[in-house]
Amino acid sequence: MSRLADYFVVVGYDHEKERSGISSGIILQRFPEKDWPDTPFIEGIEWFCQPQGWALSTDRQEPQFFVSVLTDIDANRHYCACLCFNETVSITPSKPVDEEEDAVEGETALVRPLPTITHHSIMYAPKCLVLVSRLDYIETFRNCLGIIYTVYIENVGVPLETLVGNIIGCIQVPPPGGPQVRFSIGAGDRQALQPPISPSLPVTHTSVNLLFQQLGIRNVLVLFCAIMTEHKILFHSKSYNRLTEACRALTALMYPFRYNHVYIPLLPAPLVEVLSTPTPFVIGVHSSLKTEVSDMVSISFVILGA
């Protein structure tokens, strides 16, 4: 039996670093606070919560769910399910009108308090709820994070600690081939998950079908040959979910082989230098970074729809 999730993390905008001219995220809360003996916490998770970078916005964005995949030193994959939303912050910079008023000739200079001009503006800061797990149960993570978000926003009378504690400590998942699990995280919900039939057979859901729909049979065959001959493959799209699903589908087509090179379905903007690695990779980047990577040679570019 395995834990459904290993860690729950709340990541927010770092307002302290912003004063130094740096935009970044910071871990606000983490549960549990101590590492599991069998699964150490992966540092740098805040980069993968906002792949395009942390920034304040003048417009409120709709909540967005996506999954980043991190790989540890032992080549084990950790799925970081992120639900990102905006919180309102008030920006009130102040400055004096003048440092000093010139004295009029023949009059004594008057010393008086300098008035200030205060600019009130409303900005929106990103915030992310994250579940980190070694298990690939994406829809279950989406449901759990959606419930936590609803309880948080609507002030439902259920302690958030209870929901998180149930997800981390109470829900045990059987190994592949095991029975279906029915559970509740404590908010009146009823959920179920089914372990895969085989430990080695990849579970793709609709990702392979979507890859063929987006690229066509001929292009998918070209990509299949590229990945089997250890080429560098770079997807780019405006959709985080399309990037994750495309990378999942392509590596699944290798079965019974397993992809053991660099695998980053959502590459954060600050880590774009990773694309200069001499080793093969399958990486996804947001389309906003297209100009930064367009000059790189020996890379197979794949453009996905928005």
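Which strand is joined to strand 12 by bridges, and do the two run parallel or antiparallel? In this predicted model, strand 12 is joined to strand 14 (residues 281-286) by 6 bridges, and the two strands run parallel. Within this pairing, Lys232 stands opposite Phe281 in strand 14.

Strand 12 spans residues 232-237. Of its 6 residues, 6 are buried, so the strand is largely enclosed by the rest of the structure. Both of its faces are covered. Lys232, Leu234 and His236 are buried on one side, and Ile233, Phe235 and Ser237 are buried on the other.

The loop between helix 5 and strand 12 contains Glu230. Glu230 is not a glycine, yet its phi is positive, at about 60°. Most residues other than glycine have a negative phi, and most peptide bonds are trans. A positive phi, near 55°, also occurs at His205, again a residue other than glycine. His205 is placed in the loop between strand 11 (191-193) and helix 5 (207-228). With a relative accessibility of 62%, His205 counts as exposed, because the cut-off for exposed residues is over 50%.

Cis peptide bonds were found at two prolines, Pro32 and Pro256. The bond from Phe31 to Pro32 has an omega near -5°. Pro32 belongs to the loop between strand 3 (25-31) and helix 2 (45-49). The bond that joins Tyr255 and Pro256 has an omega of about 15°. Pro256 is located in the loop between helix 6 (240-252) and strand 13 (262-264).

Definitions and conventions. Residues are numbered from 1 along each chain as its sequence is written. This is a predicted model: local features need pLDDT of at least 70, side-chain atom pairs count only at pLDDT 80 or more; totals for chains, interfaces and linings use all residues. Side-chain values use heavy atoms; hydrogens and water are left out. Helices (H or I, at least four residues) and strands (E, at least two) are DSSP runs, numbered from the N terminus. Buried means under 20% relative accessible area, exposed over 50%, partly exposed in between (1.4 Å probe, protein chains only). Two strands pair if DSSP finds at least two bridges between them.
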